[in-house]
Structure formats: structure tokens, C-alpha cells
Amino acid sequence: MSLKWSHEEIMALNVFSQVTRTDARDCLLEPQRVVFLVRPEEMGKAIGKNGSTVKRLAETFHRKAEVVEYAGEPEGFFKRAFKELEFRHLALKNNGASKVLEISLDAENKAKLFRNAGRFKYIKKLTERNYNVEDVKVR
């Protein structure tokens, strides 16, 4: 699957590369934040010592900057993105031509997930864009 980036996203990826001296797999530009998807082996360079590189990115983009760790499969990506949660069940279901990531959480963990709805929203969007997943369903 190949991603299609907007002109602004391509420019953001180039700036990220110049600032961090590493490449991002994808990025999301939102009014309040910019989010970069980075390979695990590049996370240290992308974050910088004591978060210095992320701070520089935030200054450059004039909004909060975040770096998210890529995983080979959508289940692993979601687990890494929400390390603080305990998942009951996390599975990729094939519904004909489409894939759906199904997540099951107890009430306490579900509340934690939705308390940070903004993070859930962009992690869901990155999951859909990078893993060819049509939807993420929480139960």
C-alpha cells in the first residue's frame, strides 16, 4: 500500500528529516499537533536527549510535536501506542475485502482510552493509513 501525502505533509516530512537526521514513515498535521510515525530503531534520534529534538520540532511547527513508534502489524502498533492500557482482546478481522481492528477493554481501561480521545483519534488514523485497516472498533 502506498500513502498519498499532501504538499504540506511532504514539507513536514522533509523538515522532520532535516531536524532529526532520520526519516519518518508518515505524518499527520493537525491544528494542535504534528505527529510523526518512526521506525523503532530510529526513535532515539527522533526524540533526542531529554526530548530536545521533539521540542525543536514543536518550535519549528508552532504546535505540539509527537513521535509514535511504528510496528510491523496493527495490533503491535496499537499496543505500543497505548502501553498504559491492558487489552483483553486485540485482533485484526478480515471482513471480505476490508480489515477491522477489534479492541476489547474492561471499563477502567476503556475510560482511560477515551479520556485521551485526541490521541486515540490520531492513532486510529495512523492505523488506517499505514496498515490498510478500514476501521478500529472498541468494545
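The model is predicted, so local features need pLDDT of at least 70 and side-chain atom pairs count only at pLDDT 80 or more, while totals for chains, interfaces and linings use all residues. Residues are numbered from 1 along each chain as its sequence is written, and side-chain values use heavy atoms, leaving out hydrogens and water.

Let's start with the sheet. It is open, with three strands in the order 1-2-3 and mixed pairing; two strands pair if DSSP finds at least two bridges between them. Strands (E, at least two residues) and helices (H or I, at least four) are DSSP runs, numbered from the N terminus. Which strands stand at the edges? Strand 1 (26-29) and strand 3 (64-69) do, each with a single partner strand, so one side of each has no neighbour in the sheet. Strand 1 runs antiparallel to strand 2 (residues 33-38), and four bridges join them. For instance, Leu29 has Val34 in strand 2 as its bridge partner.

Now the helices. Helix 1 (residues 7-20) and helix 3 (residues 52-61) have axes that come within 10 Å and cross at roughly 140°. Axes are lines fitted to C-alpha atoms, for helices over the stretch in contact, and angles run from 0 to 180 degrees between N-to-C directions. The two helices are therefore oblique to each other (under 35 degrees is roughly parallel, over 145 roughly antiparallel, 65 to 115 roughly perpendicular, and the rest oblique).

Finally, helix 3 lies across strand 2 and strand 3, at about 135° to strand 3. Contact here means heavy atoms within 4.5 Å.
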